Amino acid sequence: MSVIGEVAAIGAAIVWAIATWIYGQFSHRFSALQLNMIKGIIGSAMMMLVFPLLPKANIEISQQHALILGISGVIGIAIGDSAYFAALKRIGPNHTLLLESLAPPLSGVLALLFLGLGLSLFNWLGILVTTVAVVLVVMQPSGSKSGHSKSGIAYGLLASVCQASGVVISHFALVAGDINPLLGALLRLSLGTLTVAMIISWLQPKPFSDLLLKSKQMAHYDRYYLLVAIAVGTFLALWLQQIALKHANPAIAQTLIATSPLFMLVIYKIKGMQLSKRSIWGTLVAILGVAMLLMG
């Protein structure tokens, strides 16, 4: 049995953990919409440069499937990613990732209701074990004494719902249309970014000139650092996500991608930050849950 989808999902989780750590260094410089638009524009350009270099790149796609992928991009990237960045600013990474852990079971329910993709009992148990492990790790107290933001919680829930919906819609288009994963990622990202540009021009005064000014004020080192985050977290992560969604059940793919916070622990360890016992045990339990998904 091929596990290319599951391996791609784990790869997406790893690179997204790296990118999230880097994005955290820039969250105070840009608004959620601005950061989403920056990563979308540069990420789309990277995909367009790489696509012609792929051997036998298939660019055939029907209008129906292109429209479906576009809808997926609007929901998952334009709305979902913007809501995710907004939640990060308001309630921090721990509680945001906690709310994001709701996406895998939501993906499973949506896939079952709309695509008829059933999961075995062992698969559902693996989803439960992995999700609980992620929750146990990310819900640890961060030491902040500030109260919870209701708007931040709302943004986090919105991001989770949009992520689950976008994943299921994208899976349907990729499989039904036999679409190249990179082409699917490019369509989702570009149309999602176009939607963000339309929204930001309506909500914020002179958003593009402000974005350009903030970019010019960045040091050269920071610009390269941000490019690395976009290359890893948007270009590579989204490409791997599309591969996972094409070759694996969306609920399983989303669950494996949701293990990203656990890989963040490795980054913390490399940076010399102390890990709690709960973090270590949560990681071990999550690995068990992943194994149950792959064996089910």
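Rings of Phe, Tyr and Trp (its six-membered ring) are paired if their centres lie within 6.5 Å; planes under 30 degrees apart count as stacked, over 60 as edge-to-face and the rest as tilted. The structure is a predicted model, in which local features need pLDDT of at least 70 and side-chain atom pairs count only at pLDDT 80 or more, while totals for chains, interfaces and linings use all residues. Residues are numbered from 1 along each chain as its sequence is written, and side-chain values use heavy atoms, with hydrogens and water left out.

**View A. A ring cluster of W16, Y84 and F85.** Ring pairs join W16, Y84 and F85 into a cluster. By the ring rule, the count comes to five aromatic pairs.

**View B. The aromatic pair of W21 and Y225****.** W21 counts as partly exposed because its relative accessibility is 24%; buried means under 20% relative accessible area, exposed over 50%, and partly exposed in between (1.4 Å probe, protein chains only). Y225, at 21% relative accessibility, is likewise partly exposed.

**View C. The aromatic pair of Y84 and F85****.** Y84 and F85 form an edge-to-face pair, 6.2 Å centre to centre, with 65° between the planes. Y84 counts as buried because its relative accessibility is 6%. F85 is buried, with a relative accessible area of 6%.
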